[in-house]
Amino acid sequence: MIVGAGVAGATAAATLREEGFDGEILLVGDEPHLPYERPPLSKAWLGGTDPSIEVHPAEFYAAQSIELLTCTRATVLDIATRRVTIGGSAVAYDALLIATGGQARRLPGLSGDRVHHLRTRADSDALRERLVPGERLVVLGAGFIGCEVAATAHGLGVDVIVLEMADTPMERALGADFGALFAGIHRAAGVDLRCGVRVESVQETTTGLVVHTDRGAVECSSLLVAAGLVRDTDVWAAAGVPCDQGVLVDAGCRTAVPGVFAAGDIAAHDHPRYGRTRVEHHDTAVRQGSVAARAMLGRDVAYDRPNWFWSDQYEHTLQSCGEPADADELVLRGSVAEASFVQFGLRGGQVVSVLGVGRPAEVMAGRKLLLAGHPVAAEQLRDETVDLRRVMRPARA
Ligand SMILES: Cc1cc2nc3c(=O)[nH]c(=O)nc-3n(C[C@H](O)[C@H](O)[C@H](O)COP(=O)(O)OP(=O)(O)OC[C@H]3O[C@@H](n4cnc5c(N)ncnc54)[C@H](O)[C@@H]3O)c2cc1C
């Protein structure tokens, strides 16, 4: 049984079949849709230019004999009898995968029709209705989702103000220098980005909202609260599955409870390289879903890939692989000021992280070097005349 019909759950179900499992697969999700991709919800889906976000078409589940239950929530787990209560009935499992993702963080006192959050397709659709030219949107929080929505909303002709407590956007993930680059990009585009601002309260009026901050009040027609993710572990913790801001799993996505596994955003994973991590990225959810499925079949597997994510804002794509904090030397290729660069992290002569903006081919080449553990000199990475795709190939005689 798989609880949570997002990308991790859908990938796990597909992997079970790919690996030759011919028993029953029950994929249970509480949303009304087929499993879908969330990244477009702040980008092309929100902007109205991506008509299809489903992970697999409807026929796939029937063809693979995967029973998909939508609009159904798992509410109780009993590990002694190996049963999960779904839709009021206790259903038996041989192996259980928890792939329930997370929810957008709610802030006290911020609710009402004009206050939005963004995690689900329904959230994105509701926000889209507010993105009308001339209306004003305040985005509370300049993390990835807040920044992506700001860019999309601005592209739709909406007047956008972003309020962020830190000194630069996406500072926790990118650091102050790259955060400052994106601050410049948003301001140059015409978004009113205000950093170092603390929101104190929000008041509803007959025509909109007034957001009170420590630096004065801002009027708007709607507000997006983009304040991060919360993992709801109550059902699993109550059953005795060890949890700590996520369901605790080993490298192979196994919990300490026999027959119970977890993958994707809900998992607090023990990564062989990085230690305990709680990652909120699409690629990790897909790959952990696949690893968990193989672990459910008793295979000796581990999710040991470097984390990979991207973010699209205006015409700029940021891509990142690995952890810059893992490096003992950082090497820059290109120009941060021109938003066209790759920063490589090196450790012991090997690439351990790659972070780039506007350089997809070089990021991909760097990612290959990282995955291969191929030795490379900092000078080669820095030198723009060196074709990074050729670094791994032997020189021709
Ligand atoms: C707006 C947005 C933009 C993003 N953009 C990017 C991006 O550009 N790049 C990137 O790398 N990542 C991005 N992400 C993150 C990425 O989408 C997530 O990491 C990924 O969706 C996690 O997949 P998951 O399957 O673990 O969880 P989810 O996708 O959250 O799926 C879990 C499902 O389980 C359901 N569920 C929860 N509890 C229960 C229950 N008790 N019973 C039944 N069902 C339940 C949930 O409703 C949900 O449908 C973005 C996320 C959002 C929200």
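Two strands count as paired here if DSSP finds at least two bridges between them, and the elements themselves are DSSP runs numbered from the N terminus: helices are H or I with at least four residues, strands are E with at least two. With that in hand, look at the open sheet of five strands, ordered β22-β23-β26-β25-β24 with antiparallel pairing. Its edge strands, pairing on one side only, are β22 (308-313) and β24 (329-335).

A word on the ground rules. This is a predicted model, so local features need pLDDT of at least 70 and side-chain atom pairs count only at pLDDT 80 or more, while totals for chains, interfaces and linings use all residues. Residues are numbered from 1 along each chain as its sequence is written, and side-chain values use heavy atoms, with hydrogens and water left out.

## Walking through the sheet

On average, neighbouring strands of this sheet are turned by 15° against each other, direction ignored. Axes are lines fitted to C-alpha atoms (for helices, over the stretch in contact), and angles run from 0 to 180 degrees between N-to-C directions.

| Strand pair | Bridges | A bridge partner pair |
|---|---|---|
| β22 and β23 (316-322) | six bridges, antiparallel | S311 with L318 |
| β24 and β25 (340-347) | seven bridges, antiparallel | G334 with F341 |
| β25 and β26 (350-357) | seven bridges, antiparallel | F344 with V354 |

Two hairpins are worth a click. Between β24 and β25 there are four residues, and A339 in that hairpin takes a positive phi near 55°. The hairpin of β25 and β26 has two residues between the strands, and there G348 takes a positive phi near 55°.

How many of the eight residues of β25 are buried? Seven of them are, so the strand is mostly covered. Buried means under 20% relative accessible area, exposed means over 50%, and partly exposed is in between, using a 1.4 Å probe and protein chains only.

## Helices around it

The buried residues in α9 include E362, V363, A365, G366, R367, L369 and L370. In general, an α-helix has 3.6 residues a turn, so residues three or four places apart point the same way. After α9 comes G373, with a positive phi near 65°.

Q380 is found in helix α10 (residues 378-382) and counts as partly exposed because its relative accessibility is 31%. Contact means heavy atoms within 4.5 Å. Leaving aside neighbours within four places in sequence, Q380 is in contact with R333, V386, L388 and V391. Q380 and V331 are 49 residues apart in sequence, yet their C-alpha atoms are 9.9 Å apart in space.

S290 has its place in helix α8 (residues 282-296). Is S290 buried or exposed? S290 is buried, because its relative accessible area is 17%. Not counting residues up to four places away in sequence, S290 touches T11 and T15.

## Positive phi in two loops

S65 is not a glycine, but its phi is positive at about 50°. S65 is found in the loop between α3 (58-63) and β3 (66-69), and at 51% relative accessibility it counts as exposed. R82, another residue other than glycine, has a positive phi near 50°. The loop holding R82 runs between β4 (74-78) and β5 (83-86), and R82 counts as partly exposed at 29% relative accessibility.

## Domains

The domain assignment gives domain 1 (2-102 + 231-296), domain 2 (105-225) and domain 3 (315-390); such bounds come from an automatic or database domain assignment. The C-alpha centres of domain 2 and domain 3 lie 31 Å apart. Their contact takes six residues from domain 2 and eight residues from domain 3. Between them they bury about 640 Å², 92% of it on carbon and sulfur atoms. Buried area is the accessible area (1.4 Å probe) that two parts lose on being put together, summed over both. Which residues of domain 2 lose the most area to domain 3? They are F178, L181 and F182, together 70% of what that side buries.
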